[in-house]
Amino acid sequence: MIYAVSDIHGCYSQYKEVLEKIRFSDEDTLYVLGDVLDRGPDGFRVLADMAGRYNVIPLIGNHEYMALSVLKPLMTEITEDNYDKVLDRDFMERYQYWTSDGGQITLDQFRKLGMEDREFYLDYLEEFQLYEEFTLNGDRYVLVHADLAGDRKDRPLEEYGIEQMLFSRAEYDRKYSDSYYLVTGHTPTFRMGSEYDGKIYKKNHHIAIDCGCVSGRRLGVYCFDTGECFYSSDY
């Protein structure tokens with residue numbers, strides 16, 4: 001079976017619960033559509049579990065992107081000769097934006113790690129893909145963290161930039177393509193109406209799977225083979 005989950009945001013117990021619910025095995029594949037880190041308590045525990053499974057395919061989210069932009073420079077030894085180059089205005093703006101958007105908890109945990117673990121997690125995060133696509137049972141799926149912004153239907157994927165794929169908000173009332181289903185996280189489904197609160201949204205060739213777990217809702221997993229939706233318990 002092929003599954004997708006998104007926006008775990010450090011909710012390790014909910015992540016493990018949904019894996020048990022779907023009876024995830026070595027014969028299955030799980031796509032994780034980014035935002036594993038930040039806001040929740042156990043982002044690195046989730047990453048460790050993911051990294052130990054060859055059949056978990058991670059896509060980068062805006063929170064991993066922001067984390068890398070701060071944590072990698074912090075791996076550099078700061079000296080009198082380089083501090084003004086490493087900790088420049090651009091870095092400080094990225095640092096402030098990330099830590100104010102849920103990154104502080106990740107930074108605090110990162111500082112407690114040994115050097116070997118820090119390098120391991122940063123290397124792993126850099127392996128995250130920008131998007132993925134596959135065809136199953138005659139249906140084509142495009143998976144990305146946030147959106148494929150643009151006015152044209154079926155715009156070639158290579159024309160999209162990182163900012164669009166990681167930071168934009170999808171227009172879920174508009175069909176982007178007749179040839180594929182767009183699968184995204186990033187925007188919690190409770191923003192799409194009370195009837196979708198804590199539920200996976202399927203409409204207009206969109207499948208939106210961020211059910212707002214870290215905001216007190218549930219973690220949702222979508223099964224592409226059957227169209228079934230699985231959820232963690234309510235907070």
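1. Glu116, Asp117, Glu119, Asp123 and Glu127 form a patch of negative charge on the surface. A patch takes residues with over 30% relative accessible area and no salt bridge, and joins like charges within 9 Å. A salt bridge is a side-chain nitrogen of Lys or Arg within 4 Å of a carboxyl oxygen of Asp or Glu. Asp and Glu count as negative, each charge being placed at CG of Asp or CD of Glu.

2. The model is predicted: local features need pLDDT of at least 70, side-chain atom pairs count only at pLDDT 80 or more, and totals for chains, interfaces and linings use all residues. Residues are numbered from 1 along each chain as its sequence is written, and side-chain values use heavy atoms, without hydrogens and water.

3. Glu116 belongs to helix α6 (residues 115-126); a helix here is a DSSP run of H or I with at least four residues, a strand a run of E with at least two. Its relative accessible area is 67%, so Glu116 is exposed (exposed is over 50%, buried under 20%, partly exposed in between, with a 1.4 Å probe and protein chains only).

4. There are 16 aromatic pairs (ring centres of Phe, Tyr or the six-membered ring of Trp within 6.5 Å; planes under 30 degrees apart are stacked, over 60 edge-to-face, the rest tilted). Tyr3 and Phe230 are edge-to-face because their planes meet at 70°, with centres 6.4 Å apart. This pair links strand β1 (residues 2-5) to strand β10 (residues 229-231), 227 residues apart. Tyr3 is buried at 5% relative accessibility, and Phe230 is buried at 19%.

5. Phe134 and Tyr141 make a tilted pair, 5.4 Å centre to centre with 35° between the planes. Both residues, Phe134 and Tyr141, are buried.

How values were computed
Patch = residues over 30% accessible without salt bridge, like charges linked within 9 Å, V, L, I, M, F, W, Y side chains within 5 Å. Areas by Shrake-Rupley, 256 points an atom, 1.4 Å probe, with all protein chains shown as cover.
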